[in-house]
Amino acid sequence: MSILSSHDPIGSILLVGASRGLGHAMAAELAERGWSVTATVRTPSLPGPLADLAKARPDRVAVETLDITEPSQIADLRSRLGERRFDILFVNAGTANLHQEETIAEVSTEEFVRVMVTNALGVMRAVEGLCGLVGADGTIGVMSSGQGSVANNTRGGHEVYRGSKAALNQYMRSFAARHANDPRPMVLMAPGWVRTELGGGDAPLSIEESIPKVVDVLLAQKGRPGLRYLDRNGETVPW
């Protein structure tokens with residue numbers, strides 16, 4: 001990678017859920033492209049890739065604290081950021097159940113609630129609570145998944161995770177419908193099955209094969225109002 005000099009950023013993003021994996025890779029990619037990145041972690045006291053990135057690029061990356069399952073923390077972050085405005089809000093935070101081979105009938109109630117609260121309720125609370133920080137010509141996006149597609153579910157599997165992402169898609173559609181006159185683009189992003197701690201070692205895609213394309217698609221939405229469900233190649237994913 002080339003080393004960018006300190007200069008005015010070409011854009012700013014509030015990236016929720018960037019401590020590792022896809023979120024950290026997005027932060028690194030955008031910082032490399034000259035963006036100002038404000039990225040969140042749940043536990044800032046723990047060392048990790050994002051902390052290392054912020055130390056290496058203090059001119060580009062700032063770290064904030066946010067657990068999206070705690071509504072008070074969303075309000076606190078909104079208050080801390082004050083009058084700042086971002087070109088993009090992107091909520092990447094998400095999780096999966098520990099045993100993804102479980103069917104919906106087999107998963108414990110506690111595990112089901114944990115995944116749904118994080119992947120659907122928490123994400124939408126973050127969108128609702130932080131969207132006011134995005135300018136009128138900015139973009140609002142969330143990390144969905146191709147597994148959230150009901151139409152494409154022909155093989156089953158990963159039922160709890162699939163259901164949480166399908167719910168997220170539905171709630172984003174409701175959000176977009178309530179903001180039908182909003183000029184800001186809204187994006188549900190499907191990055192593909194990527195080798196991360198969440199995606200596992202059997203995933204066919206590396207982070208390097210997915211995230212630069214995800215960023216390209218996200219940036220290409222500028223000036224295109226309405227909600228789109230897109231994959232890393234910019235193709236529409238069936239609902």
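**Entry 1**

I began with Glu29, which counts as buried at 14% relative accessibility. For my own reference, buried means under 20% relative accessible area, exposed means over 50%, and partly exposed lies in between, using a 1.4 Å probe and protein chains only. A note on what I am looking at: this is a predicted model, where local features need pLDDT of at least 70 and side-chain atom pairs count only at pLDDT 80 or more, while totals for chains, interfaces and linings use all residues. Residues are numbered from 1 along each chain as its sequence is written, and side-chain values use heavy atoms, with hydrogens and water left out.

Which residue does Glu29 meet in a salt bridge? I found Arg33 there, at 2.9 Å from N to O. The rule I used asks for a side-chain nitrogen of Lys or Arg within 4 Å of a carboxyl oxygen of Asp or Glu. Side chains of opposite charge can pair when their charged atoms come close. Arg33 itself is partly exposed, with a relative accessible area of 28%.

I searched the whole structure and got eight salt bridges. One of them joins Glu64 and Arg80, 3.0 Å from N to O. This pair links distant parts of the chain: Glu64 sits in strand 3 (residues 61–65) and Arg80 in helix 3 (residues 71–81), 16 residues apart. Helices (H or I, at least four residues) and strands (E, at least two) are DSSP runs, numbered from the N terminus. Arg80 counts as partly exposed, at 44% relative accessibility.

Next I looked at Arg184, which forms a salt bridge with Asp182; their closest N and O atoms are 2.8 Å apart. Is Arg184 buried or exposed? Arg184 counts as buried, at 9% relative accessibility, and Asp182 counts as buried too, at 14%. I also noted that salt bridges with shared partners join Glu29, Arg33 and Asp216 into one network.

**Entry 1: the nonpolar cores**

I turned to the inside. A nonpolar core here is a set of buried Ala, Val, Leu, Ile, Met, Phe, Trp, Tyr and Cys residues joined through side-chain atoms within 4.5 Å. Which members of the largest nonpolar core touch the most other members? Ile13 and Phe90 do, out of 31 residues. Several elements give two or more residues to this core: strand 1 (11–16), helix 1 (21–32), strand 2 (35–41), helix 2 (49–56), strand 4, strand 6 (185–190) and helix 6 (207–220). Helix 1 gives the most, with seven residues.

I then listed the contacts of Ile13 (heavy atoms within 4.5 Å). Leaving out residues up to four places away in sequence, Ile13 touches Leu30, Trp35, Ser36, Val37, Thr38, Phe86, Ile88, Phe90 and Leu218.

**Entry 2: an aromatic pair**

A pair of aromatic rings is described by the distance of the centres and the angle of the planes. My rule pairs rings of Phe, Tyr and Trp (its six-membered ring) if their centres lie within 6.5 Å; planes under 30 degrees apart are stacked, over 60 edge-to-face, and the rest tilted. How many aromatic pairs does this rule give? The count comes to one.

The partners are Tyr229 and Trp239, tilted, with 5.2 Å centre to centre and 50 degrees between the planes. Tyr229 is in strand 7 and Trp239 in the segment after strand 7, 10 residues apart, and the pair links distant parts of the chain. Tyr229 is buried, with a relative accessible area of 2%, whereas Trp239 is partly exposed at 35%.

**Entry 3: two loops**

Most residues other than glycine have a negative phi. His158 is found in the loop between strand 5 (134–143) and helix 5 (159–178), and is partly exposed, with a relative accessible area of 29%.

His179 is in the loop between helix 5 and strand 6, partly exposed at 24% relative accessibility.
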